[in-house]
Amino acid sequence: MIKTDAVIIGAGPVGLFAVHQLGIKGLKSEVIDNLDKAGGQCIELYPDKPIYDIPAIPECSGKSLTDNLLKQIRPFGSNFHLNERVQEIKEDKGIWILKTNKNKIFTTPNIIIAGGVGSFEPRKLPLKELTKFEEKSVFYSINDKTLLKNKKISIFGGGDSALDWALELSKFSKVTLIHRRDDFRGSPHTINELEKLKADGKIFIKTPFQIKSVNDGKVLKFIEIKDDNEKTEKIETDIILGFFGLIMQLGPIVEWGLNMSKKKIQVNTENFQTNKQGIFAVGDICSYPGKLKLILSGFHEAALASVECFKRARPNEKYRFQFTTSSKEIQDRLGIKK
Amino acid sequence: MFCILALFLYILILHLMPKITYIDQKGNSKTIEVDNGLTVMEGAIQNNVPGIDADCGGSMACATCHVYVEDSWFNKLPKAEEAEQDMIDMAYKPNKNSRLSCQIIVSDEINGLIVTTPEKQT
């Protein structure tokens, strides 16, 4: 069991800055995120896209923003629990008890939900019949490629993941790459390789095609694909791989009894607390009149929420507002030596 | 007299606002007057038109504002950029008329635009 002053759900920029705002007030926090690394949407959706509206930073990438935030919070030594999702929460005398999908238990007076638009999960092919084949012959990510040797593999998608796996798996399996349009999106080198393999008959490319159906029964044998004019083709297939990026799902949060509207958690703008005492929501996931989905708004929300977190975590101490420029206490917490 | 003039002007302005029609998969249709400069996605979100999620808020990062543009309108719209096409690849059941509604900016030129929302967005 891990006891802490605050649990932060979501390691995106706003969750990371919450660590900072709690940290300078002397509060310890633990961060939980479903992804395998910190950064949230900034890393998962647009690591290289430039951002132009972070105050005093004329231009930065999602990656550099994340790296700098991680550097900024290093002094506070918060633990990151990655690849992990909070499954259930319950309250006991003003203390929240959280349980993750890896059965880790946290107890804390404060939960800060900085979950963006939810946790990322792979997008699936739009065919219900495929569900029963999932993790047997239909995969949306690959953990063990040795299982894919000497098979007939149909890969759907037109981006980097689809192309990279098509090239890799074509070394030892029969690969058909299926995409809804003729253009593929990959590095020039990858596209060249693909063209070469196609010319040599080592990869089969079907465009513009999408999935239409699969065979009945327990074992995947073939798929049927169709183009925009409903022309169909049958392809013998043992394995289907789909690479359509990630989609955000709110997940278990919706069952925690929080007031929500349009997939957002309602908060007050004084301390960004939800209808449950000790649960805060900041960043893209919160909603209040005038809310803007900006990273800078999330930073502000985290700062205000951290004040209330302090009051809940240290009920016997008086909160004193301090500046980092002048507070010896804060500078000690930041490990600044003068 | 002034009141009547004001009312007349008001009606005139209302009539000048482009109309966008959103149709769902069951055929239910909603026609909304949307301000110039807003996107077709924003028109839907601000007027509670179901079928458009817009999880990322219009930053072309999620493909949950995917719509099918009616044939007669499709070629009249400015073409989708590459980045939009890449994102449409991720959408639920895209077809040749697929666009992201966050990238269609409302103007007088598209007054009367008809879009159909997909069965679902994810």
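**Briefing: chains A and B of a predicted model**

Chain B contains four helices and five strands. The structure is a predicted model, with an ipTM of 0.79 and a pTM of 0.69.

**Chain B: confidence and fold**

- The average pLDDT of chain B is 90, and 93% of the residues reach at least 70.
- Chain B has 122 residues, of which 36% are classed as buried.
- Taking the contacts in chain B between residues at least 6 apart in sequence, 65% link residues at least 24 apart.

**Contact between the chains**

- Chain A contributes 18 residues to the contact and chain B contributes 15 residues.
- On the chain B side, the residues touching chain A comprise six nonpolar, five charged and four polar ones.

**A sheet in chain A**

- Chain A has an open sheet of three strands, ordered β21-β22-β24, with mixed pairing.
- At the edges of this sheet are β21 (260-261) and β24 (286-287) of chain A, each of which pairs on one side only.
- Strand β22 of chain A covers residues 264-266 and pairs with β24(A) in the parallel sense, over two bridges.
- Gln266(A) has Ser287(A), in β24(A), as its bridge partner.
- As background, the strands of a sheet pair through hydrogen bonds of the backbone, in either a parallel or an antiparallel sense.

**A helix pair in chain A**

- Helix α1 (residues 13-23) and helix α6 (residues 295-313) of chain A have axes that come within 8 Å and cross at roughly 35 degrees.
- The crossing of α1(A) with α6(A) is right-handed.
- From α1(A), the contact is made by Pro13(A), Val14(A), Phe17(A), Ala18(A), Gln21(A) and Leu22(A).
- From α6(A), the contact is made by Ile295(A), Gly298(A), Phe299(A), Ala302(A), Ala303(A), Ala305(A), Ser306(A) and Cys309(A).
- By class, the residues in the contact of α1(A) with α6(A) are 11 nonpolar and three polar, with no charged residue.

Terms used: Residues numbered from 1 in each chain as written. Chains lettered and ligands numbered in written order. Predicted model: local features only at pLDDT ≥ 70, side-chain atom pairs only at ≥ 80, totals over all residues. Contact = placed C-beta atoms within 7 Å. Nonpolar A, V, L, I, M, F, W, Y, C, P; charged D, E, K, R; others polar. pLDDT = per-residue confidence, 0-100. Buried ≥ 20, exposed ≤ 12 C-beta atoms within 10 Å, placed from the backbone. Pairing = 2+ DSSP bridges. Axes fitted to C-alpha atoms, helices over the stretch in contact; angles between N-to-C directions. Left-handed = near helix turned anticlockwise from the far one by under 90°.
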